[in-house]
Protein chains: 2
Amino acid sequence: MTAHPRLSMNQATLRYAPLDEALRLVVAGGYEAIGLWREPVLEVGLAEAARRFADTGLRLSTYCRGGFFTMPEGPARRASIDDNRRGIEETATLAAAGAQGSTPVFVLVAGGLPDGSNDLPGARENVADAIAELASDAEAAGVTLAIEPLHPMYASDRAVVSTLKQALDLAEPFDPAVVGVTVDTFHIWWDPEVLPQIARAGASGRIATYQVCDWKTPLPEDVLLGRHYPGDGVIDFDSLTHAVGQTGYDRDIEVEIFNQAIWDAPWPEVVARTAASFDAVVAPHLATSVTA
Amino acid sequence: MTAHPRLSMNQATLRYAPLDEALRLVVAGGYEAIGLWREPVLEVGLAEAARRFADTGLRLSTYCRGGFFTMPEGPARRASIDDNRRGIEETATLAAAGAQGSTPVFVLVAGGLPDGSNDLPGARENVADAIAELASDAEAAGVTLAIEPLHPMYASDRAVVSTLKQALDLAEPFDPAVVGVTVDTFHIWWDPEVLPQIARAGASGRIATYQVCDWKTPLPEDVLLGRHYPGDGVIDFDSLTHAVGQTGYDRDIEVEIFNQAIWDAPWPEVVARTAASFDAVVAPHLATSVTA
């Protein structure tokens, strides 16, 4: 089987597959890249995971995920910062183990309002402080932190960073090689500012990863799981992919789907459908490579 | 019973109460104002509804609602524009029947993507065109159209207008007495730009109505029904109400709740709890009246 050379399987799409199985399936599906998740990697141990990953010949597109540092100073915050430092190191190790073209990108989800708090600006300040604290670690490790704005429906319980503009404002004080953003169609498609903000992200070299999946209503009971194959919903992948391409973004593009029905489907079918949906609605809008 | 003099009961909070019953309950609860909905009004007929409403001595704060005009030109769009014209006339009639201080505000919900379309910018242009078409009717009737940005989780199926900034940009070409915006805490609390955009709305005289209710997760299976009494969720009514007050907004403030459990509760209890929650978390942040 083959897959588009820029398609990367985000491991969350194969939520229940152990690491070995996910790697085997993705290779068998003809993919060249994967975005790994911490839990299945740490389940086998970092060193062993890096060895097995190196054997596949796949590129690493991202490592998911860190963040969750909106709480005020105290032991919980220190534990989160320490955990993020470990995540940065894991990212560097896995990217070094990946094939040429791997990108040491560590995706950051901010976290929601601290328990009992309604201080959204305060939580956002805590995010800015955490990024400032982690930037030197990321720089030393050669890792890019990719702040991910999440859809505003998650603002209270998962991510107080809700728009691409806000993520870019947070990234602005730092070297773009150290702090960038995650551009995920599901989270930002609705934003009236999305196209100028993608252009801004590109102009400042801050698109650390481009992730695609679709939006469809009604939302499922757990609104985290309302992500669909590209083309199964209402997102215009033409304009978004074109905008990302116009910035010169030429890295891997991940398909990341949280969806109970897709998680429960046979894994080889998911691998094949992901590649087919990417070919159908994303690939046609990628700039043609110049091979002069 | 008494209620805060600026509290208005949005009739949707008493979803299943017929018009007469809603009016009676709100008067009995000591309220001075109500935001009426079209369906219960038209159920008894406009002229009769206006007579009964006039008898209550209540002010009209808003009339809900029009809009739903994202479709391309054709019979469905003409039907929607005509229906909105009738809504404008109904607003004028009911505001004239209301007590002094009534505000002829017709709330507009844009509508979602047309069936089978993923052209969000196109749908938004259709909204702008519809408002341009209706503005002269509104002006002639002395009615203010209040464009309501809805939470981005409704962008595909209910409202392609998702932020206060976007609503203000749409309103900008028109006289603020003719086209303003609805500031509803549930829809905009998450927005990093909310405070400057409230200030902008106030500075241009475009806050046609301020509506309050709270946000809490997990969201219910029908995400339309996730609205709560002020104080039961995570919204900071202090900063938002203060920002609205700072603009000089001195009209009625509506509590509008869509929530199955609240709809199913005894109506007098809902009337009382609405007033109590308003007193507890909204009223303390209203500017003190100067009675020199």
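**View 1. The closed barrel of chain A in the predicted model.** In this predicted model, chain A forms a closed barrel of 8 strands in the order β1-β2-β3-β4-β5-β6-β7-β10, with parallel pairing; helices (H or I, at least four residues) and strands (E, at least two) are DSSP runs numbered from the N terminus, and two strands pair if DSSP finds at least two bridges between them. From one strand to the next the twist averages 30°, where axes are lines fitted to C-alpha atoms, for helices over the stretch in contact, and angles run from 0 to 180 degrees between N-to-C directions. Strand β3 (residues 59-67) of chain A runs parallel to strand β4 (residues 105-109) of chain A and is joined to it by 4 bridges, with A:V107 in β4(A) as the bridge partner of A:C64. Helix α11 (residues 267-281) of chain A lies across β1 (7-10), β7 (207-212) and β10 (253-255) of chain A, and runs at about 140° to β1(A).

**View 2. Helix α9 of chain A and its buried face.** In helix α9 (residues 237-246) of chain A, the buried residues are A:F237, A:L240, A:T241, A:A243 and A:V244, buried meaning under 20% relative accessible area, exposed over 50% and partly exposed in between (1.4 Å probe, protein chains only). Seen down the axis of α9(A), these buried residues fall within an arc of 155°, so they line one face of the helix; the arc is that of the directions from the helix axis to the C-beta atoms. They pack against β6 (179-184), α7 (185-188), α8 (194-203), β7, β8 (214-215) and α11 of chain A, contact being defined as heavy atoms within 4.5 Å. At the N-terminal end, A:D236 caps α9(A) through a side-chain oxygen that lies 3.1 Å from the backbone nitrogen of A:D238, while the helix is followed by A:G248, whose phi is positive, near 95°.

**View 3. The surroundings of A:L170.** A:L170 lies in helix α6 (residues 164-171) of chain A and counts as buried, at 16% relative accessibility. Leaving aside residues up to four places away in sequence, A:L170 touches A:V127, A:A128, A:I147 and A:V161. A:L170 and A:G180, which are 10 residues apart in sequence, are 9.2 Å apart in space, C-alpha to C-alpha.

**View 4. Strand β7 and its partners in the barrel of chain B.** Chain B also has a closed barrel of 8 strands, running β1-β2-β3-β4-β5-β6-β7-β10 with parallel pairing. In β7(B), 6 of the 6 residues are buried, so this strand is largely enclosed by the rest of the structure. β6(B) and β7(B) run parallel and are joined by 4 bridges, and B:T209 in β7(B) is the bridge partner of B:T182. With strand β10 (residues 253-255) of chain B, β7(B) pairs in the parallel sense over 3 bridges, B:V255 in β10(B) being the bridge partner of B:V212. Helix α9 (residues 237-246) of chain B lies across β6 and β7 (207-212) of chain B, running at about 160° to β7(B).

**Notes to the views.** Residues are numbered from 1 along each chain as its sequence is written, and chains are lettered from A and ligands numbered from 1 in the order in which they are written. Local features need pLDDT of at least 70 and side-chain atom pairs count only at pLDDT 80 or more, whereas totals for chains, interfaces and linings use all residues; side-chain values use heavy atoms, with hydrogens and water left out.

Definitions and conventions
A polar contact is a pair of N or O atoms within 3.5 Å; within protein, one must be able to donate a hydrogen and the other to accept it, and residues adjacent in sequence count only if both atoms are side-chain atoms.
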